[in-house]
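This report describes selected features of a two-chain model. The sequence and the coordinates are shown first, and the description follows.

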Amino acid sequence: MCLGIPGQIVEITDADRLMAMADVSGVRREVSVACVAPAALSDLVGEWALIHVGFAMSIIDADEAEKTLEALRGLGEAQETLEAMAQGDAALAESPVTEVMS
Amino acid sequence: MRYVEEFRDPVAAQDVLRAIKDVVTEIGATKEKPVHIMEICGGHTHAIFRYGLDRLTPDGIEFIHGPGCPVCVLPMSRIDECVEIAERSEVIFATFGDAMRVPGTRKSLMQAKADGADIRMVYSPLDALELARRNPEREVVFFGLGFETTTPSTALSIQQAAREKLGNFSVFCNHIRVPPPIKALLDDPYMILDGFVGPGHVSMVIGTHPYDFIADDYCKPIVVAGFEPLDLLQSVLMVLRQIRDGRAEVENQYARVVPEHGNPISIAAIEDVYEPRPTFEWRGLGEIDASGLRIRHAYQAYDAEEKFSVGYGAGPRLVTEPEGCACGQVMTGRIKPLQCPQYGTGCTPEMPLGALMVSSEGACAAYYQYSAADDVLEAAE
C-alpha cells in the first residue's frame, strides 16, 4: 500500500491542475505534482520524485542519497581496515618466526 | 532506475551484514536471547522476506512484524460496509486492487464484483475522479484506504472534486495513522520490543518528529528506513548501534526521500479535509483512540458515510472476526505466522481466512510466498 517508486518528471502537462508526465521505469504516466510544486513548475522537469498512487510525493534529494551511499561505502572501507588490523594482530600473536630461509 | 540499483549492491550488503554481526556480538544477543526489532511498515515486512533479510541477519535479531499494512488491520465490518455501498445500483465502487480479496462477513469485494456489483480496480484516486467526470449519471465512490502516505492523495482528490463541483464523487474514508497504534503496542505490557525500523513513506509525509515520543517517553530507538535491501540492513545496523550504546533516538536513514519536517503541502491537505475520529477499530488491536480519520463537515458532500448512511454513526457496530483466526496475535508479535493453526491449511493466499494472508504486505502472505519452501526443508531436517 505504501509502496512508492522513483520516477523522473519529464514535462508539465497541465499547469492549472498541477499535472506532469513522469517516466517510471520506461512507462509514462501522468501524475499530480501538487505535493511537490515549487513556484516555477518548470523547475520540476528533470527531477526524480517518489511516485505513489499517481502523486509525486517527494523530490529525491541527490545529495542525501550520496551521503547515505557514502556511509555504506565507509562501512566497507572501515571493515577492510578492521580486517587488516585483525590480521596484523593475529600475525603478531603468532610465535616468533625462528626459521631462517636457507 | 536511479536510486534503486545503488541500494541493492550485494558487495555493500556483505559489509553491512558483517558490521551487524559484530554489533550483535557486542550486545551479546543470541538466538535464545534475541534483540526484538519491529518493522512497523508492511512494505518493509514484504522486503525483508523478499530479499531473505531475516535469514541473512544473525540469529540474535528477531523481527517482529508490525501493524503497518492497512488492508490487514481493516476490520471485517468495514469490508461489509464497502460491499453494502458497492451493491447499490447507482454506484461505481473504485478501489486499490489490494482490498479486493479481504474477506467480509458476507463476501469480499471480489465476490461482490462476481455477483454483479460495478467495482473497478484503479491505480490512483485520480482515476476515480476521472470515472466520476465520465459517468455523471453514476455515483463514484473511492475506497480511501491507507496510512499517512496515501491520505494526501485522497485529500487532494476531494479538494479537486470540490473545485470542479463534482457532485457524484465521494470517498469512503478508512485512513489511519501510524503513531497511535505504536503507542498502543508500547503500552502493552506483554509486548517485548527493543527498537523500531520506522516507515519510510509515511514519514516523507509526516516527517520524523511524530516519533519523538518513542525515544523520549519510551526510551526505544527508531530509525526511519528506505525500502531497498541496503536501506533496511543499514537501518537495522543503526538500531543495533543505538541499543549497544544505550541511546534512544529518532534517526533517519532515508533522508533522500524523508525531510525532517515532512511535506508541508501534504500535511496541509490532510488537515484541511480530514479530522481524527474519536476512535477507530483495528483488526487484532481493537479500538484505538484518534487512530483513524474522517472527512470534515466542510467536505460532507464528498463523504460516502454521510451520503449512503453507512459506517460509524449509522448504528451499533458489530465486531466479528473469523473463527480460529489468530491475525491479532500475529500482528502483536505474540505468535509467528507458522504457529497459527489455520496457516497454510484453513488460510492460504488463494483462500484467505485472515487479512494477514491477503495483502502481499501481510506477514502471513510474506511467509507463505517467500519462506514456505525453506520451512518445509527445515522441518524435514
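Strand 3 (residues 91-95) of chain B is mostly covered, with 5 of its 5 residues buried. A residue counts as buried if 20 or more other C-beta atoms lie within 10 Å of its own, as exposed if 12 or fewer do, and as partly exposed in between, with C-beta atoms placed from the backbone. Helices (H or I, at least four residues) and strands (E, at least two) are DSSP runs, numbered from the N terminus.

The model is predicted: local features need pLDDT of at least 70, side-chain atom pairs count only at pLDDT 80 or more, and totals for chains, interfaces and linings use all residues. Residues are numbered from 1 along each chain as its sequence is written, while chains are lettered from A and ligands numbered from 1 in the order in which they are written.

Strands are said to pair if DSSP finds at least two bridges between them.

| Strand | Partner strand | Bridges |
|---|---|---|
| Strand 3 of chain B | Strand 5 (residues 139-146) of chain B | 4 |
| Strand 3 of chain B | Strand 4 (residues 119-121) of chain B | 3 |
| Strand 1 (residues 35-41) of chain B | Strand 7 (residues 195-198) of chain B | 3 |

Val91(B) has Glu139(B) in strand 5 of chain B as its bridge partner, and Thr95(B) has Met121(B) in strand 4 of chain B. Between strand 3 and strand 4 of chain B the chain passes through helix 5 (residues 109-114) of chain B in a right-handed β-α-β crossover. The term right-handed means that, with the strands pointing away from the viewer, the path from the first strand over the helix to the second runs clockwise.

**The open sheet**

Chain B also holds an open sheet of 5 strands in the order 2-1-7-8-9, with parallel pairing. Strand 2 (61-68) and strand 9 (250-252) of chain B are the edge strands, each pairing on one side only. On average, neighbouring strands of this sheet are turned by 20° against each other, direction ignored. Axes are lines fitted to C-alpha atoms, for helices over the stretch in contact, and angles run from 0 to 180 degrees between N-to-C directions.

Within the sheet, Glu39(B) stands opposite Val197(B) in strand 7 of chain B. Helix 2 of chain B packs on the sheet, where it touches strand 1, strand 2 and strand 7 of chain B, and its direction makes about 120° with that of strand 1 of chain B. Helix 11 of chain B packs on the sheet as well, touching strand 1, strand 2, strand 7, strand 8 (222-224) and strand 9 of chain B; its direction makes about 150° with that of strand 7 of chain B.

Helix 1 of chain B has 18 residues. Its buried residues include Ala12(B), Asp15(B), Ile20(B) and Val24(B). Gly28(B), with a positive phi near 85°, follows helix 1 of chain B.

In total, 43 residues of chain B are in contact with 27 residues of chain A; contact requires C-beta atoms, placed from the backbone, to lie within 7 Å. Helix 1 of chain B gives the most to the side of chain B that touches chain A, with 5 residues.

**Chain A**

Chain A has 1 helix and 5 strands, which run β-β-β-β-β-α from the N terminus on. Of its 102 residues, 30% are buried.

Technical notes:
Two residues are in contact if their C-beta atoms, placed from the backbone, lie within 7 Å. The expected span of a helix is 1.5 Å times one less than its number of residues.
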